[in-house]
Amino acid sequence: MNKAITLECTNCRTRVPLDRRVAGCPACGEVMLEARYDLDQINVEEWLKTLRGRREGLWRYKEVLPIYNPDNIISMGEGGTPLLRSRALASMLGLKNLYIKDERQGPTASFKDRQAAVAVSALKEIGVDSVVVASTGNVAIAYAAYCARAGIKLWAFFPSLTPGDKMREAALYGAEVIKITGTYDQTKELAARFARRQGIFLDRGIKSVAAIEAMKTIAYEIAEQLGDSLAEGRHWVTPDWFLQGVSGGMGPIGVGKGFREMLDFGLVDRMPRLANIQSTGCAPMVQAFRRGQRIAIPVDDPQTIIATLATGNPGRAYELLYDYVQQYGGGFFDASDEEAFNAIRILARSEGISVEPATGVTFAGLFKMVQSGVIKPDDVVVVNCSGHTMPVETQILGERWQRSIDLSERANIPNVPQEGIVSALDQIEGQVRRVVVIEDNADSARLIKRMLQAGGALEVALAHDGASGLKLVRQMLPDMVITDLMMPDVDGFEVIDTMKADPDLCTIPIVVISAKELTARERARLNEQVKLLLQKGSAISEDVIDTLVHDLE
Ligand SMILES: *Cc1c(COP(=O)(O)O)cnc(C)c1O
Ligand SMILES: [Zn+2]
């Protein structure tokens, strides 16, 4: 099929033929141009049929990607990442349709693999053999891998905030690594100057057509995968929300463009709301949005250790996102580094998914949006989950992540090996405290159990209704009881009343975790009887769990 691709100015809508060396709109100078495909040439019905026979991965949408000759495609299995339906986390947040787009599952473990695959293929198509990129880490790693495969030389400029392991990985792929003591914005400027002076091709990042086109494949995949999950593959589905941790804004702009295109094709029937979540220490978009302004004031001195999200000057990207949010909904939110680390631990324990801090910011944002009621229980929510946690830094894990047993000579164990081991094990077991959790939603129960256990040495027994809960409490005489209120037959109120009336059980502290809207009377009554009263969404906070565990020790 002959592709007809043109570039359209995002400002004045002037169209020019696709030329990858074009740096801006010839009419108005605008730097961001969007690719337009000749929709007439694509028969949607036919295309959907063809897609069914195609392999997973972003090239399955090749008709709407800016590469002419398939021989130029450099591919390592990018895209085609799973859309995981959350159970435990969703139930704790009270969400019915929470999906995690697992972008860690790419060749270099972030969604920048998509960008690198399309951008490096485009470089090959125009015969470029050397390229300069500025990056806070993930872009350069992905480019380094794809450039290695394409035989293209890469000059990677990093701000000094970038974790050393990330720079080393880029170096391993053979990139020239240049570390700049300065901010990311300064690093970009220096990289541009270097490229100009040396006459080397400069990757234009968010301003390059390849980057936005690559990111839009996330949207295509989400619509197709949600269609499978929610409509049994009968049609494609738009989520109510797409959430992402945002630095330069390439991801959400690309995803927005993808849905716009699918809407024009008739593949979906509406647009998603975009939630752009920034790190509080570097949140120029959030600040501008709160002021109601379409122009962001750059943050000159980002106060975050999350390098991936340290774009201080979003420039034109914020205007485009602002316009999107005005037209289709969504917003700009922020979360602190602390909240991000907290979210990383919760996500890892509840879903088995370990992410880098930038994605911790995204999930922390999700928690806040649910708690503040911006996201509603029935909303279909998709979270861009990108970037694997390597290395796991001490800020994320804290100090208490291991228990040690010393079997060395210094511990004198060789003489009495068995006893030594037994007493060491006793020592560990001696710290165990027992908790009974009474909760009829099995997913919530499991998550509460996992969080308690992660917080300390705990034995946690679960009961799924009030009657068996009371039985367990009598058997175990636990150090604490955590109960839901709304349960069939014997509900939480009855559990509490029964325990308080029983001399053996009346001193056991009780914690209530419930999604129920309480009346003033119920609240007053509970306040007298229980140690702590938690709304379900707030139980997701690790501080709360920490306090509970601490009280047990
Ligand atoms: C690049 C990146 C971001 C920021 O993406 P933008 O869309 O460019 O703002 C967020 N999280 C991770 C893991 C990233 O690699
Ligand atoms: Zn223009």
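**Cut-offs at work**

Me: Why does cysteine 506 count as partly exposed?
Reply: Its relative accessibility is 29%. Buried would need under 20% and exposed over 50%, so 29% makes cysteine 506 partly exposed. Mind you, this is a predicted model.

Me: What makes β15 and β18 edge strands?
Reply: Look at the order of the open, parallel sheet: β15-β14-β16-β17-β18. β15 (458-463) and β18 (532-535) each have a single partner strand, so one side of each lacks a neighbour in the sheet. From one strand to the next, the twist averages 20°.

Me: How do you know that β16 and β17 pair?
Reply: Pairing takes at least two bridges. Residues 480-483 and 510-514 share 3 bridges in the parallel sense, so β16 and β17 pass. Valine 481, for one, has isoleucine 510 in β17 as its bridge partner.

Me: Why are the buried residues of α18 said to be on the same side?
Reply: In α18 (520-529), Glu522, Leu526 and Gln529 are buried. They cover an arc of only 60° around the axis, which puts them on the same side. Ala520, Arg521 and Glu528 are exposed on the other side.

Me: What do the buried residues of α18 pack against?
Reply: α17 (492-501), β17 and β18.

Terms used
Residues numbered from 1 in each chain as written. Chains lettered and ligands numbered in written order. Predicted model: local features only at pLDDT ≥ 70, side-chain atom pairs only at ≥ 80, totals over all residues. Heavy atoms only, no water. Buried < 20%, exposed > 50% of the residue type's maximum accessible area, 1.4 Å probe, protein only. Helix = DSSP H or I, 4+ residues; strand = E, 2+ residues; numbered from the N terminus. Axes fitted to C-alpha atoms, helices over the stretch in contact; angles between N-to-C directions. Arc of directions from axis to C-beta. Contact = heavy atoms within 4.5 Å.
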